[in-house]
2 protein chains.
Amino acid sequence: MLPLEQKVLERIKPSLEEKEKLEKTAGYLMRRAIQIAKKESITDVKVQLVGSAARNTWITGTHDLDIFISYDPSLPREKLEEYGLFIGHELAKEGQSWEEGYAEHPYTKMNYAGFDVDIVPCYRVTDASRIISAVDRTPFHNRFIKERIKGLEDDVLLLKQFMKAGGTYGSELKTRGFSGYLTELLIIHYGSFKNVLEAASVWEPNQKIEFLKPTKEFSEPLQVVDPTDAGRNVAAALSLDKFCLFIDLCRQYLEEPRESYFSRKIAAPLSDGEIIQRMNKRTSSIIALKFNTPEVVEDILYPQLFKMQKSVEALLEKQDFQLIKSGIWVGKDVVLIIELENSQIATVKKHRGPPVWVKQHAEMFREKYTDRTDVFAFYIEDGKYVAEIPRKYTTASSLLENEIHNCSLGKQVSKSLKDEYEILSGKNILQIKDTDYRTLLNEFL
Amino acid sequence: MLPLEQKVLERIKPSLEEKEKLEKTAGYLMRRAIQIAKKESITDVKVQLVGSAARNTWITGTHDLDIFISYDPSLPREKLEEYGLFIGHELAKEGQSWEEGYAEHPYTKMNYAGFDVDIVPCYRVTDASRIISAVDRTPFHNRFIKERIKGLEDDVLLLKQFMKAGGTYGSELKTRGFSGYLTELLIIHYGSFKNVLEAASVWEPNQKIEFLKPTKEFSEPLQVVDPTDAGRNVAAALSLDKFCLFIDLCRQYLEEPRESYFSRKIAAPLSDGEIIQRMNKRTSSIIALKFNTPEVVEDILYPQLFKMQKSVEALLEKQDFQLIKSGIWVGKDVVLIIELENSQIATVKKHRGPPVWVKQHAEMFREKYTDRTDVFAFYIEDGKYVAEIPRKYTTASSLLENEIHNCSLGKQVSKSLKDEYEILSGKNILQIKDTDYRTLLNEFL
C-alpha cells in the first residue's frame, strides 16, 4: 500500500469510537426487533445485520444500517409483509423519523441516532437460487463476503472511495456504477486494491469474472457471476460508460498515483457572465427543455429521463439537427439541456431517392415528388433521384414544441410534460439559477 | 412512328435543297483536296467524307463537314502532319476563316460557305484495332454505319433530337453524354427510335450491347463494344448521371409522348429580386468562387473544373460544412457556386477517439488531447473517448481562402486561381450579371 493510500485510509476508515457506536446501535435495534416479535407471538424469526456495516467495509460518515428480519419460506407473502411492517413500525417509534419504502415488498426506513436504518423483511431460503423475493439474496451475499473479507477491508475501503471520487460508485439506475457487493467481490477475486486497478486497466467489454460457471449468457460489459447464484450477473447494472470510466481512472492512477483520485471534484457553479462567455466561445446552439420533476423514486425517474433523453436526441437527429450532446439535471425541475451545431437549419432539404434504374421504386418516387407543388427541384445525382423539399421544422424549438408528446417517454415524465413545460433557447437558459444546475453547466459547457 | 414524331421529323430533317448544298460543297472541297495533293506530288492519298454528313444523319442547321485525308501507314508521322496541314492550309485559303486544331495530331478547321469543316489527316490502316492515331478509327466507323443505316436515318434523327433536348447528347468531356456514332449504333442494334426508348427504360448499370465479344472488361454504366474494335467501349465517355437521365427521359416519354421532349427547355435568367426571393425561400447559404476562365479547349478545361469541384466539395465536407450541392458556370469567368446548409458552423467540434479498452490507442489519444490547452472538454461516450476541440475554420469563405490552393486542381485552373480569385457570399452573388450565369441560377436555386 502506497503512503498516499495509507493517508487516504486514515481519512476514510471509521474510528474505533464510530465502530463501537454502530455496533451498539445495531445490537440494540436487533434486540428490540426480537422483543417486539416475541411480544406479538411472531415466532421463527431471525434478525441479522447485513451490508457494509456488518462487514466492516463502510466508509466513515456513511451511517447505513441494514437490518434483515427473516421468516420461514412457508409464511404467506401477505403475512410476511404484515409482520415486517409491524415490527418496522414498532421499532420506528424509537426513531427520529421514518417512512415506508417499496422494493419488491414494503419495508421500513427510519432515522435513528444518526443512522439511516432499513428494516427489511425477507424469506430464509436454503439456497440463493431459490429466492422468493430479490432481497432474500442479501443474507447469502452477506455470508459469502463475511467469510472471505477478513484482512481485505482496507482494500475495499480504498476501492469504494476511489470509485466514489471517480463517479463510478453506486448501482442505482441514476448512476449505473459499481455496487458495494461488487466492489467487495472484486477485492476478493483480485486480492487487493492495487490488483483490481491493474486488472481493470486492461479490461475489455465482455470481461468475465466467474466465481461459478454461469448458467446463462450475459451481454453486459462486465460479467461477474454471483457466487451465490450462477444465473445472475452482479455487474448487470454497470453501464458501458461507467465501465470505461473506471478503466480510464485505473490507468491514470497507476501511471501517476495522486491523492486527488480519492476526492470527488465538484465543479463550481457558473455565473451568468461565465455561461455567456462559454457559449460565445463554443458558438454552438443551446436549448433546454424544463418541466416539473415527477414525484417518483429515483430508480423509476432516471430510466424515464434517460429514455426521454434518447428519444429527444433521436427526434432532433431524424429531423436533421446536428446534436453535439445533451445532459440532464434533476432538482425541483428536470432540465434536459441540449447542445446543437445550430438550432436553426435551412428550409431546403436534399431528399435522396432510389437509383433511377430500380424502375418500380424510381417511378413511384418520381411520381410522388414531381406532383408536389412545394418541391424546389427534382434531379439525378450519382445515379439517384434527388428531390429538394422544404423541411417541416427549421428550428429545434418548434420541432420540440410540436413533437415532444410523440416521443417515447415514460409514464410519469410524459404526464409532467403534458401538464407544463418550457423551452429555453440560447441565453434564456440563464433564467435557471439553481446552483446544482449551474454546476452541471460548468461540466457541460 | 407517332404523328408527333412525324411532325418533329419535318422540323429537324434537312430539306432537299440543304442536302444538295451539302453534297455540292463536300464534293467541291474533296476534289480540291485531291488537286492540291497532286500538284504537290503527294501521292497515295485518299479523301473521304465521314460523320453524319456522309450518313444522312445530320439535323437541319448543323453544318459540319468532316473530311478525312488518309495516307499509307508507312508514311512517317511528321510527314503525315506536314502533308495534312499543307493540304488543310491550301484548302483553307478558300474559306472565310480557319484555324489549327489539335487532337492527337494537328488538323485544320475552317469555315466555308456556312459549313464548319474539319480537314483531318489519318492513316489508312487495314483494321480498326491496328490504328496508329485515334482518328484512324473514324473511317471504319463510317463504313460500318453506312452499310447498315439505310432506312433508319429518320430514327437516328429523332433519337439525336430527343437526346439534344434532354441534355444527353454529346460525348465531349463537358457533357459526357452520347456521341453521334453511339446514337447510330443504338438505332442499328435495337432497330428503331421506339425500340431504343423501350430498351433504355429498363437499362441498368453494366448494360451490355455486344456487337463483338469484348476483349476486355469495361466498368462504365453503358458498355457498347465497338463493332470495329472489340477492345473499345463506344459509350466510355457516358457518365452515370447522363445514362440515368436518358433512362428517366425514355420512361417519361413512353408514358406520355409529347413534342416538348424534342425541344430544349432553357430556363429564364433570374433578376436580382428573383434570386433574393429564391434564397429567402431556401434559407440555405450560397457562396461562389469566381476566377478567370483559363484559355484552353473545353476538353481540357472541363475535366479540370470537375476535378476542382470535387476537391472543393471534399474540402468543405471534411471540415464539417454540410454541402447541399454545387454547380459550375463557364463564361468569361468560371463561377463555382456552392450551396451549404450553413456557411457558418460552431467553433466546438466533437472529435471521437478510440474505444477506451483499446489500451494503446486510447492512451495515445488521451495524452494528445488532455495536454492541449484549447480542448473544451474530454470525456467518455458510448465507450469511446471524446475530445471537444475548436474548429480551425468556422466559415466556408475563410476555409476556401486558406485552403483552396491545397486542393487538387488541374494545371490551368490552378494557375488561374493563383493569379486571382474572388469569393462571394450570400447576396454578393448578385454582383455577377451575365445572362447565362443567371440562367444557371434559375436551375440551381
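**Exercise 1.** In this predicted model, a polar contact of 2.6 Å joins the side chains of B:Arg282 and A:Glu388. Find where B:Arg282 lies, decide whether B:Arg282 is buried or exposed, and list what B:Arg282 touches.

*Solution.*
1. B:Arg282 belongs to helix α10 of chain B, which covers residues 272-282.
2. The relative accessible area of B:Arg282 is 1%. Buried means under 20%, so B:Arg282 is buried.
3. Leaving out residues up to four places away in sequence, B:Arg282 touches A:Ala346, A:Thr347, A:Val348, A:Phe376 and A:Glu388 in chain A, and B:Lys325, B:Glu339, B:Phe444 and B:Leu445 in chain B.

**Exercise 2.** State how α1(B) and α6(B) are oriented to each other, and which residues make the contact.

*Solution.*
1. Helix α1 (residues 3-12) and helix α6 (residues 153-166), both of chain B, pack at an angle of about 90°, and their axes are 10 Å apart.
2. Angles of 65 to 115 degrees count as roughly perpendicular, so α1(B) and α6(B) are roughly perpendicular.
3. From α1(B) the contact takes B:Glu5, B:Val8, B:Leu9, B:Arg11 and B:Ile12; from α6(B), B:Asp154, B:Leu157, B:Leu158 and B:Gln161.
4. Sorted by class, these are 5 nonpolar, 1 polar and 3 charged residues.

**Exercise 3.** Describe the surroundings of A:Met110.

*Solution.*
1. A:Met110 sits in strand β4 (residues 106-112) of chain A.
2. With 4% relative accessibility, A:Met110 counts as buried.
3. Among the residues A:Met110 touches, not counting those up to four places away in sequence, are A:Leu91, A:Trp98, A:Phe115 and A:Ile119.
4. A:Lys93 is 17 residues from A:Met110 in sequence, and their C-alpha atoms are 9.2 Å apart.

Conventions
Residues are numbered from 1 along each chain as its sequence is written. Chains are lettered from A and ligands numbered from 1 in the order in which they are written. This is a predicted model: local features need pLDDT of at least 70, side-chain atom pairs count only at pLDDT 80 or more; totals for chains, interfaces and linings use all residues. Side-chain values use heavy atoms; hydrogens and water are left out. Helices (H or I, at least four residues) and strands (E, at least two) are DSSP runs, numbered from the N terminus. Buried means under 20% relative accessible area, exposed over 50%, partly exposed in between (1.4 Å probe, protein chains only). Contact means heavy atoms within 4.5 Å. A polar contact is a pair of N or O atoms within 3.5 Å; within protein, one must be able to donate a hydrogen and the other to accept it, and residues adjacent in sequence count only if both atoms are side-chain atoms. Axes are lines fitted to C-alpha atoms, for helices over the stretch in contact, and angles run from 0 to 180 degrees between N-to-C directions. Angles under 35 degrees count as roughly parallel, over 145 as roughly antiparallel, 65 to 115 as roughly perpendicular and the rest as oblique. Ala, Val, Leu, Ile, Met, Phe, Trp, Tyr, Cys and Pro count as nonpolar, Asp, Glu, Lys and Arg as charged, and the others, Gly among them, as polar.
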